[in-house]
Amino acid sequence: MSARAKSRVNDFVIRLANVNGTGSASANTLLMKAIFRMGVPVIGKNFFPSNIQGLPTWYEVRVSKDMYLARSGNVDVMVAMNAQTYQKDLKEVSPGGALIYDSTWPRDRALSRSDITIFGIPLARMCNEHFSNARARILMKNMAYVGALAALLEIDMDVIKGLVEEMFASKTKLIPANMEAIELGANYVREHFEHPLAMRVEPLNKTAGHIMVDGNTAAALGCVYAGATVGAWYPITPSTTIMDGFKSFSERFRVNKDSGERDYCIIQAEDELAAIGIVLGAAWNGARAFTPTSGPGLSLMSEFLGFGYFAELPAVLFDVQRVGPSTGMPTRTQQADVLAAAYASHGDTRHVVLFPANPNECFELTVNAFDLADRLQTPVIVLLDLDIGMNDWMCNELKWDESYRPDRGKVLDAEGVEKIEKFYRYLDSDGDGIPYRTYPGVHPKGAYFVRGSGHNKYGAYTEESDEYQEVVDRLNRKWHTAATLVPSPVIQRSKKKTGIAIVSVGSCDYAVLEAIDKLSAKGIHLNYMRVRAFPFSEEVTDFLEEHEKVFVAEQNRDAQLKSLLTLETSYPKERMESILHYSGLPMTCKCVIEAIEQAEAEGVAA
Amino acid sequence: MTYIAKPKIVHGGLARNALGLTIRDYEGGMSTLCAGCGHDSVTSAIVQAFFELDIPPHRVAKMSGIGCSSKTPAYFLSASHGFNSVHGRMPSVATGAAAANRDLYLLGVSGDGDSLSIGLGQFGHAVRRNLDMCYIIENNGVYGLTKGQFSASADIGSKAKKGEVNQQPPIDAVQMAMALGGTFVARSFSGDKSQLVPLIKAAIKHEGFALIDVLSPCVTFNDHEDSTKSYAYTRQFFHRAVHLDYVAPATEIKIAYDEGDVMPIELHDGSRILLRKVSEAYNVQNRGAAIDYIRAHQRKGEIVTGLLYIDESEPDMHALNRTTATPLADLPYERLCPGAEALNKLQQRFR
């Protein structure tokens with residue numbers, strides 16, 4: 001075994017190429033979870049089509065003892081189960097890697113490579129011989145390749161068995177058949193091939209205190225824990241599982257066991273225009289309300305977002321970004337709604353935007369978003385993306401602080417209204433730009449008119465220039481207050497002093513962190529700031545100012561984060577250089593490394 | 001400025017309702033609509049209805065979209081909470097308001113442009129959801145604020161002020177609401193306050209979506225000869241199918257009537273409505289027959305008014321959702337948060 005090969009223990013990427021609708025998803029999750037339970041850091045990325053059955057789909061599992069949880073950009077083990085994409089899949093394997101294919105059918109001899117190891121396993125034939133039911137024959141092929149991989153990669157069979165038992169806890173009859181299929185694959189490998197591979201799994205203890213969860217589920221939990229009671233939505237990929245999650249957690253925690261009555265109300269609206277209207281109507285009345293959507297929905301909600309900004313109503317909107325423009329690629333990931341979210345709607349509007357980078361932050365920043373929306377009386381947009389939202393991420397266990405109480409902001413209750421002579425909705429009594437509000441029905445003196453038309457500080461309709469300007473200037477003061485309240489950026493400083501930095505956002509995080517490590521080994525040192533909110537706080541500007549050059553890594557074509565930094569900070573744009581990744585697949589550390597190396601080389605040459 | 005505060009003058013002799021309030025307490029700012037606008041009559045009917053129902057004004061959320069009709073919430077119930085939303089989107093705001101606080105009285109005022117063009121989808125879905133609210137369309141067949149374009153309720157052959165003839169079929173809010181499962185569907189005329197006030201009262205008390213399509217002529221842009229939404233035309237062709245009286249809960253019915261003539265219907269809060277058929281052929285509880293009747297009269301150019309359909313048995317949005325009785329906005333946080341231990345337990349499945 002060579003030194004290079006040796007280094008591949010707990011450090012490689014498996015890609016599984018399948019046809020969608022054939023039941024491969026549960027087999028792939030099983031594979032990933034088995035590695036996780038062996039204590040080895042792992043992450044799974046699903047590249048799936050906007051389709052229900054018959055199109056190519058890939059699942060990528062990265063095993064990383066160093067906790068590098070982005071895509072590496074390589075494929076070390078390919079499981080090529082889809083004849084349609086075989087040629088392409090074969091090409092993608094990194095030299096020295098391995099490919100497994102179903103040898104039931106002959107391969108085109110022209111399609112071969114000498115720099116990788118190829119394993120032909122007659123998965124279909126074995127399953128056809130072993131199982132009589134037609135559907136089982138298809139499903140069990142997936143389990144059989146999990147078994148083959150288990151033998152090749154030395155994945156603990158007991159761990160797999162335990163997981164299979166959990167998977168079929170409610171249908172225990174299915175356990176033996178699934179285990180048989182796994183054994184079929186494993187035995188074939190044991191009998192026919194030298195195993196395990198150089199790339200293999202060895203038990204570690206690096207996953208204790210961690211979970212594997214997708215960001216949408218974590219955001220849904222955030223809504224429950226923040227005390228949200230009204231959820232309105234229109235189904236759209238990739239945001240749908242936020243409401244699925246909220247529904248299932250609410251059914252578990254918020255239904256009266258005796259009466260069956262619900263402490264929540266979920267409304268599937270006729271469209272996104274209505275979904276955001278429902279949220280504003282509920283928030284006006286004092287409920288915490290939210291809507292999950294994606295880019296096209298954000299476009300539709302823009303008019304009401306401007307209303308929420310001007311009439312000063314809280315709302316929490318999740319935009320789980322997918323590839324645009326237009327319908328784009330609904331099942332692929334991108335960060336291309338940054339500007340659309342920040343400036344949604346006509347007129348002078350700006351919105352508070354939060355950028356979680358992993359499921360932990362999806363949970364925490366969701367709670368934060370509800371507090372900020374109430375405190376600032378304005379819509380808050382939580383900008384996830386498909387990669388965070390729908391893929392299973394290894395992350396820290398979610399923790400809950402029992403002392404948390406929602407910050408409902410400046411709300412006058414009946415007693416509060418009683419004390420004042422007359423209530424005016426838009427007065428800046430505290431100098432922070434945030435007025436006081438009342439909920440309908442609470443007190444006769446608390447009534448006011450919510451309107452998107454011009455109004456003065458007393459809440460009355462106006463077309464007087466001075467009165468109008470006074471209100472929009474005060475909204476600007478509130479915006480400055482917002483910059484002091486939003487989550488700070490996460491800053492990591494290089495051990496060596498450096499004048500270069502990298503700035504990124506959201507799901508770029510792991511790719512950037514890994515790139516920084518690897519570049520540092522090559523003598524390129526970078527400080528790092530991950531922006532977590534708009535408006536930009538002082539810390540963001542200060543960090544930029546410290547550096548003579550800043551790389552901005554993001555997942556869109558038009559450098560939207562860089563544009564936002566250009567517009568909203570005084571940092572000169574000539575000193576910012578973009579690293580852009582917008583293929584629709586999650587960013588790789590490779591793309592970051594290559595961009596910076598190239599730029600540095602050019603810099604030296606110049 | 002289109003908002004003028006109205007001086008509040010209370011005469012000693014003004015009648016007081018059960019809350020000790022006078023009708024002045026239910027009024028709003030001075031209307032800035034054109035003199036003679038039908039909408040102002042609807043405003044006055046709303047004021048009357050809420051006054052007579054003894055509803056505390058601050059327990060009412062009055063909502064609207066955009067347009068002349070949508071300006072009117074500023075002209076009534078100044079002590080109520082108002083929400084002037086974006087064009088055609090008031091039903092969604094009302095839905096959210098109802099979701100958060102099921103104890104409020106929701107009153108929506110909209111127009112034919114707001115509900116039947118830009119807001120057709122939201123209007124239809126609020127009906128379908130059986131949202132518990134009173135929804136008034138002030139229908140004049142024309143866009144007033146943008147100066148006289150036809151709306152979707154304009155009749156075929158109706159002529160605009162500048163001479164253009166409408167050739168597209170009208171969308172009828174009443175027939176649409178019936179087709180979509182509406183549980184309280186009425187039509188009235190702004191010039192018929194005696195019909196409108198009891199209708200509004202019954203609509204407020206109905207548990208579910210109550211539509212009143214009120215023909216409310218636009219004196220500036222659609223009150224001329226050859227308009228089918230003018231005062232003259234409406235007065236000539238409106239046809240009362242059913243007469244309605246509203247009787248408050250625990251009130252003895254004093255009106256003399258022959259049995260068989262009058263049909264009492266009990267509403268959820270114990271109040272009753274008494275329906276007196278003007279036309280023998282009309283059945284207010286048969287959706288299909290009601291639509292047939294309306295269509296037959298429509299063919300003759302007649303406008304059927306009154307409470308045209310009612311069904312008190314259908315569940316409203318909250319009944320369908322099985323929402324808890326306490327308004328969601330009033331639930332204490334402690335009841336909503338599952339706590340740290342539940343979170344730990346839940347995460348077993350993520351390992």
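**View 1. A:Val450 and its bridge partner B:Phe83, where a strand of chain A meets a strand of chain B.** In this predicted model, A:Val450 has B:Phe83 as its bridge partner, a residue that belongs to strand S2 of chain B. Strand S16 of chain A and strand S2 of chain B, which spans residues 81–84, run parallel and are joined by three bridges.

**View 2. The contact between chain A and chain B.** Chain A contributes 60 residues to this contact, and chain B contributes 51 residues. On the side of chain A that touches chain B, the elements giving two or more residues are strand S7 (210–214), helix H8 (215–226), strand S8 (230–233), strand S9 (265–268), helix H10 (272–284), helix H11 (295–311) and strand S16 (449–451). Helix H10 of chain A gives the most to this side, with nine residues. By residue type, the side of chain A that touches chain B divides into 34 nonpolar, 14 polar and twelve charged residues.

**View 3. Domain 2 and domain 4 of chain A in contact.** Chain A is divided into domain 1 (3–208), domain 2 (213–396), domain 3 (414–485) and domain 4 (490–605). The centres of domain 2 and domain 4 of chain A, taken over C-alpha atoms, are separated by 27 Å, and their contact takes 21 residues from domain 2 and 20 residues from domain 4. On the side of domain 2 that touches domain 4, at least two residues each are supplied by strand S12 (329–333), helix H12 (338–342), strand S13 (352–354), strand S14 (379–385) and helix H14 (386–390) of chain A. The residues on this side of domain 2 comprise 14 nonpolar, four polar and three charged.

**View 4. An open sheet of five strands in chain A.** The strands of this sheet follow the order S17-S19-S18-S21-S22, with mixed pairing. Strand S17 (490–492) and strand S22 (576–580) of chain A are the edge strands, each of which pairs on one side only, and the twist from one strand to the next averages 20°. Helix H17 of chain A, made of residues 509–521, packs on the sheet, where this helix touches strand S18 (500–505), strand S19 (527–531) and strand S21. The direction of helix H17 makes about 160° with that of strand S18 of chain A.

**View 5. Strand S21 of chain A beside strand S22 of chain A.** Strand S21, which covers residues 549–554 of chain A, pairs with strand S22 of chain A in the parallel sense over five bridges. Within this pairing, A:Val552 stands opposite A:Ser578, a residue of strand S22 of chain A.

Definitions and conventions:
Residues numbered from 1 in each chain as written. Chains lettered and ligands numbered in written order. Predicted model: local features only at pLDDT ≥ 70, side-chain atom pairs only at ≥ 80, totals over all residues. Pairing = 2+ DSSP bridges. Helix = DSSP H or I, 4+ residues; strand = E, 2+ residues; numbered from the N terminus. Axes fitted to C-alpha atoms, helices over the stretch in contact; angles between N-to-C directions. Contact = placed C-beta atoms within 7 Å. Domains from an automatic or database assignment. Nonpolar A, V, L, I, M, F, W, Y, C, P; charged D, E, K, R; others polar.
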